[in-house]
Amino acid sequence: MRRETRHVGSGASPRIAPAVTGVLSPMTDIRDAQMVGRTSDGRLVQRPLSGHLTVYINLDMVMSVGHRVTGCALAVGTIVMVWFLVAAASGEAAYATFSWWLRTPIGYLALFGWTAALWYHYCVGIRHLIWDTGRMYDLPTVDRSRLVILGATAVLTLLTWLIVIL
Amino acid sequence: MADAKGLKIDTMRSFLGRARGLGIASGGVHHWWMQRLTSLALLPLTLWFVWSVVHLAGAPYAAVRAWASGTVHATLLLALIAATFEHMHLGVQVVAEDYIHTKPIQVAVVVAVKAATALLALAATIAVLKLAIAG
């Protein structure tokens with residue numbers, strides 16, 4: 001990353017982090033000193049800036065936020081699961097009310113959203129577990145895993161509803 | 001942090017110096033580990049649950065009751081409930097801590113999430129036990 005010029009407060013910031021950390025270049029801003037790190041073999045490097053929504057946005061950032069959003073949506077969705085169990089335990093009338101609500105357009109929409117959110121969170125979660133082992137971090141693999149996640153989410157969601165309908 | 005004369009000395013200290021001796025913020029490793037452990041448990045449990053409810057869709061009440069009251073299904077349901085709600089309160093806590101910057105509101109939201117999660121988990125557990133014991 002070259003930092004010959006700085007445009008503080010400028011909308012078109014030159015501090016867009018490249019994917020690879022650069023060789024240490026002469027510093028022109030005192031804040032750059034906080035961005036210096038060492039590689040495991042001891043070389044000094046300038047760390048890349050983390051992504052920021054006002055500078056750039058990409059699909060990986062959206063998918064990362066999506067994991068959190070679907071997680072929170074599923075948390076709300078657990079109310080339906082609890083309702084299902086409590087209704088089943090309460091008797092035939094309570095269960096009939098529960099079933100009736102699920103068969104309304106809102107019920108179907110919520111259930112469809114729930115299955116899509118579930119499978120997305122499921123697939124991204126598996127990638128997080130793999131990432132925790134230190135594997136599949138390189139960009140070509142991330143390019144592939146991103147497509148696999150989106151594809152698998154679509155396939156699993158459609159498959160779930162195919163089984164319901166058939 | 002202030003010295004004996006009440007002067008702010010934080011600005012002249014390194015980040016490491018400021019953090020040293022404070023200990024971990026709030027049991028971070030345990031939080032991280034439980035999040036992973038529950039997610040592992042949920043991989044098979046979720047598949048089983050979705051597979052089950054998909055086949056119960058449109059089934060009469062008696063069939064649903066018969067399914068839920070089996071010992072194996074009741075056991076798996078209780079495991080699903082435990083893993084789901086443990087995973088859930090840990091996850092929502094992280095989201096609240098990351099995006100709510102006003103400390104009192106943040107703590108209130110985290111406490112509310114934990115309370116709601118505990119109540120949902122208890123209600124679901126009692127429902128499953130009721131089904132399993134009543135048959």
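How are H4(B) and H5(B) oriented to each other? In this predicted model, the two helices pack at an angle of about 175°, and their axes lie 10 Å apart. Angles over 145 degrees count as roughly antiparallel, and H4(B) and H5(B) are therefore roughly antiparallel to each other. The residues of the contact of H4(B) with H5(B) comprise 17 nonpolar, five polar and two charged.

H4(B) also meets H3(B). The axes of H3(B) and H4(B) cross at roughly 75° and come within 5 Å. Since angles of 65 to 115 degrees count as roughly perpendicular, H3(B) is roughly perpendicular to H4(B). On the side of H3(B), the contact is made by B:Trp67, B:Ala68 and B:Ser69, and on the side of H4(B) by B:His73, B:Ala74 and B:Leu77. By class, four residues of the contact of H3(B) with H4(B) are nonpolar and two are polar, with no charged residues.

The loop between H4 and H5 of chain B contains B:His101. A residue is exposed if 12 or fewer other C-beta atoms lie within 10 Å of its own; B:His101 has 8 C-beta neighbours inside 10 Å and so counts as exposed.

Chain A has four helices and two strands. Its elements follow the order β-β-α-α-α-α from the N terminus on. Of the 166 residues of chain A, 16% count as buried. Among contacts in chain A between residues at least 6 apart in sequence, those that join residues at least 24 apart make up 57%.

The contact between the chains takes 21 residues from chain A and 22 residues from chain B. On the side of chain A that touches chain B, the elements giving two or more residues are H1, helix H2 (92-102), H3 and helix H4 (139-165) of chain A. H1(A) gives the most to this side, with twelve residues. By class, the side of chain A that touches chain B has 14 nonpolar residues, along with four polar and three charged.

Not counting residues up to four places away in sequence, B:Ala124 touches A:Met81, A:Val82 and A:Leu85 in chain A and B:Ile81 in chain B.

The confidence of the prediction for chain A is given as pLDDT. Chain A averages a pLDDT of 83, and 81% of the residues score at least 70. Over residues 1-21 of chain A, pLDDT stays under 50. For this stretch the model has 30 contacts beyond four places in sequence.

Notes. Residues are numbered from 1 along each chain as its sequence is written. Chains are lettered from A and ligands numbered from 1 in the order in which they are written. This is a predicted model: local features need pLDDT of at least 70, side-chain atom pairs count only at pLDDT 80 or more; totals for chains, interfaces and linings use all residues. Two residues are in contact if their C-beta atoms, placed from the backbone, lie within 7 Å. Ala, Val, Leu, Ile, Met, Phe, Trp, Tyr, Cys and Pro count as nonpolar, Asp, Glu, Lys and Arg as charged, and the others, Gly among them, as polar. Axes are lines fitted to C-alpha atoms, for helices over the stretch in contact, and angles run from 0 to 180 degrees between N-to-C directions. Angles under 35 degrees count as roughly parallel, over 145 as roughly antiparallel, 65 to 115 as roughly perpendicular and the rest as oblique. A residue is buried if 20 or more other C-beta atoms lie within 10 Å of its own, exposed if 12 or fewer, and partly exposed in between; C-beta atoms are placed from the backbone. pLDDT is the predictor's confidence in each residue, from 0 to 100.
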